[in-house]
Amino acid sequence: MEWNPDPDSAGTWLRDRLDVDYATMHGVVPHGFEAYARIFHPAEVRSLPDRAVPTMDEWNRMPDEEHVRLIELFVDEPATWADAAAAFDTSLHALAQWQRLVKTPPEADWRTRIAPDGREFTSPREGEMTPTLLATLARHLVAHTSTPDAGFAAVWEGWGGFVGHYGEAPSRAYLEFTDDPLHAQVLQQSIHDRFNNPFRKAQWQPGIVSDEVSKGERLSLPGRDHVLFAAPPSAFADPGWILDAPWRDLEQEQHGFPPAAQHPSILWPADRAWVMASEIDYDSTIVAGSAELIRAICADERLEALPIPEGADLGWEADTTNR
């Protein structure tokens with residue numbers, strides 16, 4: 001994998017197949033493919049063995065010792081959209097929207113909802129899947145292209161700290177805790193000066209990718225600009241693709257975090273047989289490709305996926321079934 005400094009040469013065809021607005025999924029998913037699939041990102045569910053998960057109001061009224069007891073008893077597990085639909089007595093269908101699937105009242109928070117059976121469902125992550133789930137999907141994608149070892153990965157430039165910028169403070173900061181009073185004093189003074197000095201001037205703040213990449217050309221698509229990389233689709237069939245990604249977050253690793261790299265926003269092979277789009281505001285990933293590919297994806301029990309028609313509306317108001 002390597003940075004592509006001339007994104008228009010590889011991505012103009014994609015821009016030409018997108019709508020300029022987001023009235024349907026085609027603001028991010030190209031027109032003109034035989035079939036389309038929606039892969040629902042997993043949610044999470046929390047349960048307790050002896051009672052319902054408390055609401056936030058109930059939690060705030062509890063004594064600290066009860067907090068300690070419950071935290072030790074919480075069971076957190078992945079949950080499918082079908083699990084949520086069963087718990088809330090709603091219907092999973094191709095255009096289902098999470099906030100309606102979990103019966104969110106107006107003005108309520110749809111991110112965490114407690115079902116009638118006492119379990120708490122947390123909404124799916126937007127814009128990304130786990131490396132394992134992406135690898136499962138990628139194995140199908142690789143099997144349906146004549147160029148599995150040549151393709152492109154576009155990563156949205158707006159992820160926090162991804163690209164460098166001119167500013168008064170860095171995009172990210174890491175706090176280190178220590179018992180050394182002198183170190184703590186120096187750290188406090190450093191943080192104070194960096195963020196509160198009224199005479200500070202904007203300067204270049206490095207990002208995760210190199211300065212050359214940060215200052216380079218973008219693949220400009222409707223509403224989104226991306227950094228484009230030459231990347232073989234076959235690489236993503238291995239959950240360890242993160243280790244080879246040129247946008248791997250090495251600085252974060254130096255602070256003790258495990259290896260990580262941002263999920264590709266768009267992925268396609270050199271032969272353009274399909275396109276995978278993980279739009280940053282979508283809680284599902286869309287694949288455009290052949291009918292055979294879409295059937296294979298939807299038949300894989302490791303993926304929760306349904307076929308959707310060209311022109312599908314994936315906006316929050318599109319779920320007219322679960323009103």
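Helices (H or I, at least four residues) and strands (E, at least two) are taken as DSSP runs and are numbered from the N terminus. On that basis the protein has 10 helices and 15 strands. This is a predicted model, in which local features need pLDDT of at least 70 and side-chain atom pairs count only at pLDDT 80 or more, while totals for chains, interfaces and linings use all residues. Residues are numbered from 1 along each chain as its sequence is written, and side-chain values use heavy atoms, with hydrogens and water left out.

Of the 323 residues in the protein, 46% are buried, where buried means under 20% relative accessible area, exposed over 50% and partly exposed in between, with a 1.4 Å probe and protein chains only. Contact means heavy atoms within 4.5 Å; among contacts between residues at least 6 apart in sequence, 72% join residues at least 24 apart. Thr24, in the loop between α1 (7-16) and β2 (35-40), gives an instance of separation along the chain: Thr24 and Gly311 are 287 residues apart in sequence and 5.9 Å apart in space, C-alpha to C-alpha. Not counting residues up to four places away in sequence, Thr24 touches Asp19, Tyr282, Gly311, Ala312 and Asp313.

A nonpolar core is a set of buried Ala, Val, Leu, Ile, Met, Phe, Trp, Tyr and Cys residues joined through side-chain atoms within 4.5 Å. The largest such core has 39 residues, and those with the most contacts inside it are Leu137, Phe162, Phe236, Trp247, Val287 and Ile297. Two or more residues each come from β2, α6, β7, β11 (224-230) and α10 (291-299), with the largest share, 5 residues, supplied by α6. Apart from this core lies another of 25 residues, among them Leu14, Val28, Val29 and Ala288. Phe236, leaving aside neighbours within four places in sequence, is in contact with residues including Met1, Leu134, Trp247, Pro264 and Leu267.

Strand β12 (residues 266-269) is covered on both faces, with Ile266 and Trp268 buried on one side and Leu267 and Pro269 buried on the other. In a regular strand the side chains alternate between the two faces of the sheet. Two strands pair if DSSP finds at least two bridges between them. β12 runs antiparallel to β7 (residues 151-156), to which 4 bridges join it, and antiparallel to β13 (residues 275-277), to which 2 bridges join it. Ile266 stands opposite Ala154 and also opposite Ala277 in β13. β12 and β13 form a hairpin with 5 residues between them, and Arg272 in the turn has a positive phi of about 60 degrees.

Grid points are joined across faces, edges and corners, and a volume is the space filled by probe spheres set on the points. The structure holds 1 cavity of 30 Å³ or more. In the table, Ala, Val, Leu, Ile, Met, Phe, Trp, Tyr, Cys and Pro count as nonpolar, Asp, Glu, Lys and Arg as charged, and the others, Gly among them, as polar.

| Space | Volume | Lining by class |
|---|---|---|
| Largest cavity | about 110 Å³ | 9 nonpolar, 4 polar, 2 charged residues |
| Largest pocket | about 670 Å³ | 15 nonpolar, 8 polar, 4 charged residues |

The cavity is lined by 15 residues, of which Val28, Arg224, His226, Ile266 and Glu279 lie nearest its centre. Of the 27 residues that line the largest pocket, Arg125, Glu128, Met129, Ala261 and Gln262 are the closest to its centre, and β3 (43-47) and α6 (131-142) each supply at least two of the lining residues.

Terms used:
On a 1 Å grid over the protein atoms alone, a cavity is a set of points where a 1.4 Å probe fits but cannot get out, and a pocket is an open set with protein on both sides within 12 Å along at least five of seven lines; lining residues have an atom within 4 Å of a point.
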